[in-house]
Amino acid sequence: MAGSGSLDGRVALVTGGASGLGRATCLALAEAGAHVAIADIDAAGSERTAELVGEAGGKADVVALDVTDDASRRAVVGQLFEQHGDAFDILANVAGIDRPGYVTDIDLADYQRVQAVNCEGPIFLTSEFMKRVQHLPEGRTADVVHVVSLSAITSGSGAIAYNGSKAGFLNATRCIQRELREKATRADDGTERPFPCRVQAVIPAAMDTPMMEQWGIPSHLMMPPAAVAEMVRYLVTLHPAAFVPEMQIVPRLEPNFPR
């Protein structure tokens, strides 16, 4: 796999890696040299992603992860640190689902499931990851990338569960970023050392992925998932002195942007 090599020696956990943007992110990070842990509840899809990474010359493992289950989150994070130590220093929260429904007919179980996958799950997976990387030595920076959605800052009919979950996830990400700034350590000479992990957000509009099929959007109005995956890869290779709080990326033919 001919990549930049800028992620050589690093291990990345990618949720939702069995298809769509998750698969594209696995391929993009592996191309840059990372060893990728493909996490999903879809075992067959994860194995196919691993095959694609291997065929391209990259390295990947499949891990069974249900982002909505606390025991599963803890087990996977613990397993990867046990196997790879501090080399496991990248987390990409990509997994997401959508269950359309209007306020008069939305199913409570569907609503709760969307919230669990899109908001609660990645927040607590990030929490578990940070408990481990907070002790990284000076000079090391771990990376978390939250894939949110343009739906976090828009309002759509029949999308209460999805838009609400993504809005919550975006605001939680902002809260985490603020907390990490406050966790910088100050030396006697007044200089500061940042918390050894940064959290950055990608806010994409519609992508041509299986999740979007239910909305019937023409392909030419959507982005290929590889375009967004490249942004994820860019963020984790950014100079450690900087971070991008939020990055919006939209198709050039997006009908409702700029707003």
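Predicted model: local features only at pLDDT ≥ 70, side-chain atom pairs only at ≥ 80, totals over all residues.
Helix 4, which spans residues 108–133, packs against helix 5, a segment covering residues 160–182. The axes of the two helices come within 7 Å and cross at roughly 15 degrees. Because angles under 35 degrees count as roughly parallel, helix 4 and helix 5 are roughly parallel to each other. Helix 4 passes helix 5 in a right-handed crossing. On the side of helix 4, the contact is formed by Tyr111, Val114, Gln115, Asn118, Cys119, Pro122, Ile123, Thr126 and Met130. Helix 5 contributes Ile160, Ala161, Tyr162, Gly164, Ser165, Lys166, Gly168, Phe169, Ala172, Ile176 and Leu180. Sorted by class, this contact of helix 4 with helix 5 contains 13 nonpolar, six polar and one charged residues.

Helix 4 also packs against helix 3, which comprises residues 70–84. Here the angle is about 35 degrees, and the axes lie 10 Å apart. The crossing of helix 3 and helix 4 is right-handed. From helix 3, the residues in contact are Arg73, Arg74, Val77, Gly78 and Phe81. Their partners in helix 4 are Gly121, Phe124, Leu125, Glu128, Phe129, Lys131, Arg132 and Val133. The contact of helix 3 with helix 4 comprises six nonpolar, two polar and five charged residues.

A further pairing joins helix 1 (residues 20–31) and helix 6 (residues 225–236), whose axes are 8 Å apart and form an angle of about 45 degrees. This angle makes helix 1 oblique to helix 6. Helix 1 passes helix 6 in a right-handed crossing. Gly20, Leu21, Ala24, Thr25, Ala28, Leu29 and Glu31 of helix 1 meet residues of helix 6, namely Pro225, Ala226, Val228, Ala229, Val232, Arg233 and Val236. In the contact of helix 1 with helix 6, ten residues are nonpolar, two are polar and two are charged.

At least two lining residues come from each of helix 5, strand 7 (192–193) and strand 8 (197–204). By class, the lining of the second largest pocket divides into eleven nonpolar, three polar and six charged residues.

Technical notes:
Residues numbered from 1 in each chain as written. Heavy atoms only, no water. Helix = DSSP H or I, 4+ residues; strand = E, 2+ residues; numbered from the N terminus. Nonpolar A, V, L, I, M, F, W, Y, C, P; charged D, E, K, R; others polar. Axes fitted to C-alpha atoms, helices over the stretch in contact; angles between N-to-C directions. Parallel < 35°, antiparallel > 145°, perpendicular 65-115°, else oblique. Left-handed = near helix turned anticlockwise from the far one by under 90°. Contact = heavy atoms within 4.5 Å.
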